[in-house]
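Please read them with the structure open beside the text.

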Amino acid sequence: MQHNRDIIVLAVDPGYDRLGVAVIKETAGKSALLFSDCVTTNKKSSHEKRLEVVGQAIAELIHTWQPNILAVEELFFSKNQTTALLVSQALGVIIYEAAKAGLGVVYYMPAHIKIAITGYGKSDKTHVTTMVTRLIKIEKKVAHDDEYDAIAIGLTHLASRGRNP
């Protein structure tokens, strides 16, 4: 892979209630946050409608920002199987939209993201958030951890490009 061309990463922290998204562009080794947000679905909407909202949000981001790759956090659940199932379905919709647009998808385990961002695989959310704000300029107030997590996923991908396209 050529490292002298711009790369635009659409990074997603998969969720069902809240979906963290970030678009990061790297040019000549410099990273810039182009966009980040937290997409929320209406808890009163049907399951199908909520998945549709997730899909539409991803499709719109792909159309608007024309990313080269989609980077997502690998799902890891130890407790709530119902939540795991719902988030897995949302992830399926996200991957579908990427595939439909011809994007490759790369997955990062939570520990890999923490190591890339903080140097320690068992860092807590606060440490990850603090390091994200030191690694890239964020112009706006971020309301949810999901958004910081998406930015961290994008930064992890850019740091891991020797192993992933």
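1. A contact, or touch, in this note means heavy atoms within 4.5 Å. This is a predicted model, in which local features need pLDDT of at least 70 and side-chain atom pairs count only at pLDDT 80 or more, while totals for chains, interfaces and linings use all residues. Residues are numbered from 1 along each chain as its sequence is written, and side-chain values use heavy atoms, with hydrogens and water left out.

2. The chain contains five helices and five strands, taken as DSSP runs (H or I of at least four residues for helices, E of at least two for strands) and numbered from the N terminus. Their order along the sequence is β-β-β-α-β-α-β-α-α-α.

3. As to overall dimensions, the radius of gyration of the chain is 15 Å, which agrees with the value near 15 Å for a compact globule of 165 residues; the radius is taken over C-alpha atoms, and the globule rule is 2.2 Å times the number of residues to the power 0.38. The C-alpha trace spans about 45 × 35 × 30 Å along its principal axes. Among contacts in the chain with a separation of 6 or more, 63% are between residues 24 or more positions apart.

4. Of the 165 residues, 45% count as buried, where buried means under 20% relative accessible area, exposed over 50%, and partly exposed in between (1.4 Å probe, protein chains only).

5. Is R50 buried or exposed? R50 counts as buried because its relative accessibility is 7%. Leaving aside residues up to four places away in sequence, R50 touches Y16, D17, T41, N42, K43 and S45.

6. The largest nonpolar core has 25 residues, and those with the most contacts inside it are I117, V132, I136, I138 and I151; such a core is a set of buried Ala, Val, Leu, Ile, Met, Phe, Trp, Tyr and Cys residues joined through side-chain atoms within 4.5 Å. Among the elements that give two or more residues to this core are β1 (7–13), β4 (69–73) and α4 (125–135), but α5 gives the most, with seven residues. Not counting residues up to four places away in sequence, I138 touches L33, V132, T133, Y148 and I151. There is also a second, separate core of 23 residues, which includes L10, L19, V54 and I58. In soluble globular proteins, nonpolar side chains tend to be buried together.

7. K114 lies in helix α3 and counts as partly exposed because its relative accessibility is 26%; beyond residues up to four places away in sequence, K114 touches G119, Y120, G121, K122, S123 and V128. A116, in helix α3, is partly exposed, with a relative accessible area of 34%, and its C-alpha is 7.1 Å from that of A159, although A116 and A159 are 43 residues apart in sequence.

8. Most residues other than glycine have a negative phi. A28, however, has a positive phi of about 50°; A28 is in the loop between β2 and β3 (30–40) and counts as exposed at 66% relative accessibility. Q66 likewise has a positive phi of about 50°, and Q66 is found in the loop between α1 and β4, where it counts as exposed at 54% relative accessibility.
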